[in-house]
Number of protein chains: 2
Amino acid sequence: MFDFKYFTPTKVLFGRGAETKAAEMIRAFGGTKVLVHYGKGSVIRSGLLQRVTNQLTEAGIPFVTLGGAVPNPRLSLVYEGIALCRKEGVDFLLAVGGGSAIDSAKAIGYGVANEGDVWDFYEGRRKPAACLPLGVILTLAATGSEMSDSSVITKEEGLVKRGCNTDLCRPKFALMNPELTMTVSAYQTACGCSDIMMHTMERYFTNGGNMEITDALAEGLLRTVMAKAEILAKNPADYDARAEVMWAGSLSHNGLTGCGSCGGDWMTHKLEHELGGLYDVAHGAGLTAIWGSWARYVYRDCLPRFRRFAVHVMGIAPDGTDEEIALRGIEALEAFFRRIGMPTSLRELGVSATDEDLRTMAHKCAVGVNGGRGSAKFLREEDMLAIFEASR
Amino acid sequence: MFDFKYFTPTKVLFGRGAETKAAEMIRAFGGTKVLVHYGKGSVIRSGLLQRVTNQLTEAGIPFVTLGGAVPNPRLSLVYEGIALCRKEGVDFLLAVGGGSAIDSAKAIGYGVANEGDVWDFYEGRRKPAACLPLGVILTLAATGSEMSDSSVITKEEGLVKRGCNTDLCRPKFALMNPELTMTVSAYQTACGCSDIMMHTMERYFTNGGNMEITDALAEGLLRTVMAKAEILAKNPADYDARAEVMWAGSLSHNGLTGCGSCGGDWMTHKLEHELGGLYDVAHGAGLTAIWGSWARYVYRDCLPRFRRFAVHVMGIAPDGTDEEIALRGIEALEAFFRRIGMPTSLRELGVSATDEDLRTMAHKCAVGVNGGRGSAKFLREEDMLAIFEASR
């Protein structure tokens with residue numbers, strides 16, 4: 001068991017109509033001039049954006065808007081947002097959307113509150129000293145960014161995808177109405193469920209240090225998300241299942257499922273960041289495409305955890321050797337991914353990568369983690385390449 | 001499933017030496033003059049109080065001290081603390097101890113930050129508008145007050161025990177070193193584990209509205225606490241078991257295990273508050289003494305939850321009628337309480353209550369809940385009396 005810090009200050013209002021509390025919450029947290037930041041068409045088409053801006057207007061809270069946040073949100077839009085906030089004297093950010101809008105808003109918040117190039121924080125050259133306060137109206141259950149300390153941005157030049165994690169960017173509030181996630185496609189819903197699961201699994205598959213209570217919470221969360229993902233694959237309008245997945249998304253990445261562990265493995269995410277940077281695939285699908293190959297490559301070095309996962313999460317009978325049980329757990333999770341329409345290889349992801357592509361991604365990934373990283377198994381560039389090759 | 005709010009802003013530092021961060025955290029949260037509030041002898045005897053005051057002195061943070069918080073903390077000491085804070089210009093409270101010191105500090109915080117009699121807030125006559133910020137160095141895993149919104153105070157006149165719940169009193173930080181709980185007696189440890197379990201069970205046994213993920217977290221927490229309580233009954237110095245129970249105590253009462261439910265039943269707590277007020281028994285022991293009688297009185301009206309509890313928490317085989325399974329779950333939990341040395345009746349609690357005592361407690365309890373309360377089953381004064389009678 002490792003010492004840990006736990007800090008989840010985000011005030012969550014969860015349920016039907018939660019988004020109508022935006023103006024009230026912005027006021028409560030001291031916002032006087034707001035940037036409403038959103039993505040592409042869906043929040044416009046659904047009328048949500050209009051309802052939110054009407055709400056701010058009626059409450060007498062001045063605001064400007066900036067749309068255009070895309071999956072794997074771009075640095076250029078972040079720069080645009082920073083300039084707009086400075087010009088307009090914005091002191092509060094309201095992200096309306098999913099992880100893309102939220103991560104982009106967090107980056108804008110860092111940029112406005114600090115001098116110099118915001119990309120420095122994502123490259124790890126400097127640490128931010130502050131972040132503009134932000135709130136969230138969530139429309140997609142996936143990244144957990146609504147309560148997390150993380151923001152991932154892609155720099156167009158070289159398609160470099162990097163994350164910055166500090167408590168400074170944890171949202172002040174998150175308004176979570178499961179109804180707002182109902183229009184999300186079956187594929188995006190499955191991507192979201194996979195991302196949610198991976199946030200807990202990255203923390204679960206580690207060597208050294210764990211807490212029984214954290215394991216119990218993590219395993220309960222994973223079982224719940226799997227059950228609800230299968231329901232949503234058949235009935236996307238099931239409110240209760242949407243709600244379960246939405247709340248699981250927040251709990252999966254706010255720190256709760258990592259308390260007492262070594263901080264997590266995170267190599268599936270790091271490998272996927274390269275996929276997402278190069279091919280612009282959906283994050284959740286990139287994760288499931290790579291996970292099985294990663295798991296088969298590392299499980300012998302983290303056998304007690306893979307065995308436990310197989311029995312406690314996947315319901316595998318504890319018969320046979322630990323290796324056999326662990327492998328059956330990996331196979332069962334891959335079968336689940338396929339059942340909800342997720343890819344378990346690059347081919348199924350729709351990516352036909354050249355050898356050169358794989359080498360490039362492995363090299364960029366290794367550089368991004370200063371040569372190597374991983375707790376289940378420490379991976380260097382050659383390991384990363386082997387996993388990419390196995391994932392074709 | 002009900003809409004819910006979730007707000008757990010407390011910054012937790014968990015692990016060996018966490019208490020050495022007190023001065024740093026007080027500064028980070030803006031404290032410039034501190035009241036160090038503690039209980040009776042144990043934090044003095046252990047040297048902890050001296051180490052804390054040395055730390056503040058070395059950091060140049062001025063402070064005053066006030067000891068004397070007792071289990072079922074008293075209103076008179078709260079008044080004393082309020083007067084001391086006003087006289088000394090205290091702007092931050094540091095509670096060193098368990099729930100008694102923390103709840104007492106919260107009450108002092110309400111009293112200093114609002115005009116009028118602080119007891120009004122506990123009687124429900126007014127709502128507090130503010131609370132002095134407070135931090136915690138936790139030495140006893142039990143009440144969860146280190147992250148919770150609740151404070152329970154006993155007024156000596158008439159021995160009236162009442163709670164006040166608002167987000168205003170949630171601690172700014174909690175420093176949690178499991179080593180500091182190791183000197184706690186086996187009996188107090190068992191009392192703490194029982195209190196922790198009851199905080200989750202009060203939220204679990206409800207009619208109408210629940211979330212699968214909340215149930216999964218609650219059941220995982222309960223199973224973990226039970227396993228660790230049995231370890232600690234044999235080996236009180238087991239660091240990992242102490243840590244599991246300590247963290248479970250925070251999670252059990254910070255709101256996590258109630259998300260999506262109707263807000264909880266809480267009648268076991270309300271009944272125990274009368275026991276605690278009249279006989280000054282340990283809170284955890286009072287809860288276990290009353291719980292079985294409460295459960296037998298209400299389980300038919302909340303059968304799906306009692307059945308689920310039996311199977312998912314107590315490991316009862318799902319054979320027989322729902323009533324039979326539910327009853328076996330109740331019996332199994334009572335057997336567990338006895339194994340860790342907890343009472344399951346007033347007699348085992350060491351209380352020989354007269355008929356008049358029972359009638360007095362039932363009446364006071366009914367008045368305290370404005371005539372009736374309860375979600376598993378709505379209880380009126382005659383129900384409360386019947387449960388007290390069955391618990392003898």
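Q: How many helices and strands are in chain A?
A: Chain A has 16 helices and ten strands, where helices (H or I, at least four residues) and strands (E, at least two) are DSSP runs numbered from the N terminus. This is a predicted model, so local features need pLDDT of at least 70, side-chain atom pairs count only at pLDDT 80 or more, and totals for chains, interfaces and linings use all residues. Residues are numbered from 1 along each chain as its sequence is written, while chains are lettered from A and ligands numbered from 1 in the order in which they are written.

Q: And why call chain A as compact as a globular protein of that length?
A: Its radius of gyration is 20 Å, close to the 21 Å from the globule rule for 392 residues, so chain A is as compact as a globular protein of that length. The radius is taken over C-alpha atoms, and the rule is 2.2 Å times the number of residues to the power 0.38.

Q: OK, what box do the C-alpha atoms fill?
A: Roughly 65 × 40 × 40 Å for chain A, along the principal axes.

Q: Switching topic: which domains does chain A get?
A: Domain 1 (11-181) and domain 2 (186-390), with bounds from an automatic or database domain assignment. Their C-alpha centres lie 26 Å apart. The contact takes 22 residues from domain 1 of chain A and 25 residues from domain 2 of chain A, counting two residues as in contact if their C-beta atoms, placed from the backbone, lie within 7 Å.

Q: Which element gives the most on the domain 1 side?
A: E7(A), with three residues on the side of domain 1 of chain A that touches domain 2 of chain A.

Q: What about chain B, how many residues does the contact with chain A take?
A: The contact takes 29 residues from chain B and 30 residues from chain A. On the chain B side, strand E1 (4-14), helix H8 (212-234) and helix H9 (239-253) each supply at least two residues. E1(B) gives the most, with ten residues.

Q: Do E1(A) and E1(B) run parallel or antiparallel?
A: Antiparallel, with seven bridges joining E1(A) to E1(B); strands pair if DSSP finds at least two bridges between them. Leu13(A) stands opposite Lys5(B) in E1(B).
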